[in-house]
Amino acid sequence: MVEKHGLRERKKLRTRQALIEAAVRLFEDKGYDHVTVAEIADAAEVSPRTFFLHFQAKEDVLLANADVRVDLALQAIAERRAGERLPEVLVRAMDQMIANTWDSDLPSGLAALRARLAASVPALQARLLQRYLTAQTELAQALQRAFPDRLDTITASALVGAMVGAISASALTALERGDGPNEVRNAMRQAMALVAQSVS
């Protein structure tokens, strides 16, 4: 029974990945506005109904791994080790997010495509902003819970905002410059280290 469940999960992940790869290809070839959900599903050899089991709308394909990244960071904060200091926890959480981006969105081209489209597609801009703000709120709340004597809601939000903002801005700049996955990851880590230095 466990093996059957594992097989089903692997099949779902393969289908999801096929949808992401098909969407990236089509968005690159035809332009985001000229691609329909039906075309993405057809290119991935699934039905539109299957597409909607994985994603609410086509812009969500471009945010396919965002929830995974946030969950990794939240887990890193929740698993704070005894004696681990605030900057160490924050860096470990952000490094989890950077590693996931490097493993998934950077090599697939998803990160570069998302950066390009975010500048010109209002629906995607709105969805990105919504997810960005939600993630920051979740991370700030988790960080405050981990350090209740050190942080209040304002300082936790400011700290997460500074860190996430710096990492995002450096990644966007590196992508716009045409940097490869390693260079983008290094830019994000450099930004993370810069903000971490200001946290004592």
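**Exercise 1. Work out whether alanine 78 is buried or exposed, and where it sits.**

Start with the scale: buried means under 20% relative accessible area, exposed means over 50%, and partly exposed lies in between, with a 1.4 Å probe and protein chains only. Alanine 78 has a relative accessible area of 65%, so it is exposed. Finally, look across the chain: alanine 78 and arginine 145 are 67 residues apart in sequence, and their C-alpha atoms are 8.5 Å apart in space.

A note on the ground rules: this is a predicted model, where local features need pLDDT of at least 70 and side-chain atom pairs count only at pLDDT 80 or more, while totals for chains, interfaces and linings use all residues. Residues are numbered from 1 along each chain as its sequence is written, and side-chain values use heavy atoms, with hydrogens and water left out.

**Exercise 2. Describe how helix 5 and helix 6 pack.**

First, the geometry: the axes of helix 5 (residues 66-78) and helix 6 (residues 86-103) come within 8 Å and cross at roughly 155°. Those axes are lines fitted to C-alpha atoms over the stretch in contact, with angles running from 0 to 180 degrees between N-to-C directions. So helix 5 is roughly antiparallel to helix 6, a label for angles over 145 degrees.

Then the contact: Val68, Arg69, Val70, Leu72, Ala73, Ala76 and Ile77 in helix 5 meet Val89, Arg92, Ala93, Gln96, Met97, Asn100 and Thr101 in helix 6.

**Exercise 3. Find which residues of the largest nonpolar core touch the most other members.**

A nonpolar core is a set of buried Ala, Val, Leu, Ile, Met, Phe, Trp, Tyr and Cys residues joined through side-chain atoms within 4.5 Å. The largest one has 38 residues, and Ile77, Met94, Leu139, Leu143 and Met163 touch the most other members. Helix 10 (153-176) gives the most to this core, with 9 residues. Zoom in on methionine 94: leaving out residues up to four places away in sequence, it touches Leu139, Met163, Val164, Ile167 and Met192.

Methods: Helices (H or I, at least four residues) and strands (E, at least two) are DSSP runs, numbered from the N terminus. Angles under 35 degrees count as roughly parallel, over 145 as roughly antiparallel, 65 to 115 as roughly perpendicular and the rest as oblique. Contact means heavy atoms within 4.5 Å.
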